[in-house]
Amino acid sequence: MEKTVTDAINYRRSVRKYIDTPIDGDKVKQCLKNASLAPTSSNLQLWEFHHVTDKEIIKKLAVACLNQNAAKTAQQLVVVIAKKGLWKERSKANIDFLNKVYDKPDLAPRLQKRKKMFLAYYQKLIPFLYSEFLGILGLFKFIIFQIIGLFKPVYRQTRLSDMRIVAHKSAALAAQNFMISMAAIGYDTCPMEGSDTLRVKKILNLPRNAEITMVIGCGIRDEAGIYGPRFRVPFEKVYFKV
Ligand SMILES: Cc1cc2nc3c(=O)[nH]c(=O)nc-3n(C[C@H](O)[C@H](O)[C@H](O)COP(=O)(O)O)c2cc1C
């Protein structure tokens, strides 16, 4: 039986050493399906999940993960990718979906209005935000928005670096969905940003515009793979009731 959300969150630890027992790739894939249900900025889903089960590739990736035990002893690896460049394709997918959902001759005026608003979002605002030319366009938009922002609330995250953060934020939420889902079925994980991302990309034949959000080691915990009791700063230091 799957753990409850709270139990899975408590069970999840970053596990740096896994036992030799194989894990079921189909179950890992199911957890990745859960990952893809994470919230995502503008529902653009600018992510990919590369599920590595080939032992030779795991070996190569472990070296690229700076020989970390969490990769070396992993039964499988998941590489979470943020791909900002997918925005056009994903916008189109959203537009096609909206046209299908709202394709009714007797659409209520309220829904007609909603459809128009959503379509304008993907046909006008998203291209405006995501179009880029060597970072110059983003900087230009940023300056314009800072000026408008003197007079009214505006969206300010328009630079190239901001849009990269947007893509990584959503990919990281998906990664967390994945890790909690794995914990729920008694599988363990370790997120790793400690890797040579250029080498990881080469090993997986990823294009230049793919960015590694994290590599996740997967397996079943060896108790020695939990390096100590869980440490968090006192909750009062991070909780602010307003
Ligand atoms: C984005 C990110 C990157 C991380 N990179 C690494 C890493 O490269 N190697 C590693 O051993 N742990 C890595 N960790 C795991 C953290 O060290 C770990 O989450 C933290 O110490 C808290 O422990 P817990 O996950 O067991 O609660 C990473 C965690 C996150 C969220």
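Buried residues, meaning those under 20% relative accessible area with a 1.4 Å probe and protein chains only, make up 39% of the 242 residues in this protein. You are looking at a predicted model, in which local features need pLDDT of at least 70 and side-chain atom pairs count only at pLDDT 80 or more, while totals for chains, interfaces and linings use all residues. Residues are numbered from 1 along each chain as its sequence is written, and side-chain values use heavy atoms, with hydrogens and water left out.

**Stop 1: the whole chain**

Start with a cartoon view. The protein has nine helices and four strands; these are DSSP runs numbered from the N terminus, with helices being H or I of at least four residues and strands E of at least two. Read from the N terminus, the order is α-α-β-α-α-β-α-α-α-α-β-α-β. Along its principal axes, the C-alpha trace spans about 60 × 45 × 45 Å.

**Stop 2: the ligand**

Gln-68 has a side-chain N or O atom 2.7 Å from a ligand nitrogen. On its own the ligand exposes 620 Å², of which the protein buries 66%.

**Stop 3: the nonpolar cores**

In soluble globular proteins, nonpolar side chains tend to be buried together. A nonpolar core here is a set of buried Ala, Val, Leu, Ile, Met, Phe, Trp, Tyr and Cys residues joined through side-chain atoms within 4.5 Å. Select Val-78, Tyr-130, Phe-178, Met-182 and Ile-216: of the 36 residues in the largest core, these touch the most other members. Helix H2 (25-35), strand S2 (76-82), helix H5 (87-101), helix H6 (109-130), helix H8 (160-184) and strand S4 (211-219) each supply at least two residues, and H8 gives the most, with nine.

Now centre on Tyr-130. Leaving aside neighbours within four places in sequence, Tyr-130 is in contact with Leu-44, Leu-46, Lys-84, Trp-87, Lys-141, Met-163 and Val-166. Step across to Met-163, which lies in helix H8 and is buried, with a relative accessible area of 3%. Beyond four places in sequence, Met-163 touches Lys-84, Leu-129, Tyr-130, Gln-157 and Thr-158. A second, separate core of 23 residues includes Val-15, Val-79, Ile-81 and Leu-204.

**Stop 4: Gln-75**

Go to the loop between helix H4 (69-72) and S2, where you will find Gln-75. Is Gln-75 buried or exposed? Gln-75 counts as buried because its relative accessibility is 9%. Not counting residues up to four places away in sequence, Gln-75 touches Ile-19, Asp-20, Thr-21, Pro-22, Ile-23, Lys-55, Ile-58, Cys-218 and Gly-219.

**Stop 5: two loops and a helix**

Select Ser-42 in the loop between H2 and strand S1 (47-52). Its phi is near 55°, a positive value in a residue other than glycine, and Ser-42 counts as buried at 18% relative accessibility. Leu-66, in the loop between helix H3 (55-64) and H4, also has a positive phi, of about 60°. Leu-66 is exposed (over 50% relative accessible area), at 55%.

Finish at Arg-90 in helix H5. The Arg-90 side chain reaches the backbone oxygen of Trp-47 at 3.4 Å.

Key: Polar contact = N/O pair within 3.5 Å; in protein donor to acceptor, adjacent residues only side chain to side chain. Areas by Shrake-Rupley, 256 points an atom, 1.4 Å probe, with all protein chains shown as cover. Contact = heavy atoms within 4.5 Å.
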